[in-house]
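Here are a few friendly notes to read alongside the coordinates.

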Amino acid sequence: MNRADLKAHIESLEKTYEFFLSYAALGAAGEEASKVGGQLRDFLGQADTALRALADDLPGLLEAEGLEPAGAYRDVIDVTSADAAKAGAAVRLVMAQETISSQLIDNLNASTHVRALLTDLFLLDDVV
C-alpha cells in the first residue's frame, strides 16, 4: 500500500460514514423503507473492501513509503490494521442481515471499533 492507496481508502470510508449518518437519521425500519436504502448495501460493500485492504495491506505502507522512525510508524500501523479488521467484522455482520434498519446502522456508527479506526486514519493521514 502507498500513500495514494491510503488516501483512497480513507476517502471511501469517510463517504460511507457520512452516508451511514444520514441513513441512521431516517428512522427506517429497513432499507426497503427508504429511498436511499438501495445505496446502503453498495456503501457497506465499499466499506468492506476498504477495511479488508487496510487490515491486510496497511503494514506494507511502512516499506513502500520508507517512513521514519520506522518503529513509531509500525506501532500505529499495527494498531490501525487491527482496528480495520475489527471494524470490518462489524460491517460484515451488518451486511449479513436480511434487513438493515436505521437503528442498526446507528449502532454500527457508534461502535468503538469504527470510531477508533476513523481516529487512527485521521492521525495517520495527517502524519503520512
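1. A definition to start: the expected span of a helix is 1.5 Å times one less than its number of residues. Please also keep in mind that this is a predicted model.

2. With that in hand, look at helix α1, which covers residues 3-26 and so has 24 residues by the DSSP run. From its first C-alpha to its last, α1 reaches 35 Å, close to the 34 Å expected.

3. Both ends of α1 deserve a glance. After α1 comes G27, whose phi is positive, near 75 degrees.

4. Which residues of α1 are buried? They are L6, H9, I10, L13, T16, Y17, F19, F20, Y23 and A24. Across the protein chain, buried residues account for 43% of the 128 residues.

5. Stepping back to the whole fold, the protein chain has 6 helices and 0 strands, giving the pattern α-α-α-α-α-α along the sequence. Its radius of gyration is 15 Å, close to the 14 Å from the globule rule for 128 residues, so the protein chain is as compact as a globular protein of that length. Along the principal axes, its C-alpha atoms fill a box of roughly 50 × 25 × 20 Å.

6. Two last values on packing and surface. Of the contacts between residues at least 6 apart in sequence, 74% join residues at least 24 apart. The protein chain exposes about 6700 Å², and carbon and sulfur atoms supply 52% of that area.

Definitions and conventions: Residues are numbered from 1 along each chain as its sequence is written. This is a predicted model: local features need pLDDT of at least 70, side-chain atom pairs count only at pLDDT 80 or more; totals for chains, interfaces and linings use all residues. Side-chain values use heavy atoms; hydrogens and water are left out. Helices (H or I, at least four residues) and strands (E, at least two) are DSSP runs, numbered from the N terminus. Buried means under 20% relative accessible area, exposed over 50%, partly exposed in between (1.4 Å probe, protein chains only). The radius of gyration is taken over C-alpha atoms; the globule rule is 2.2 Å times the number of residues to the power 0.38. Contact means heavy atoms within 4.5 Å. Accessible areas come from the Shrake-Rupley method with a 1.4 Å probe; for residues, only the protein chains shown count as cover.
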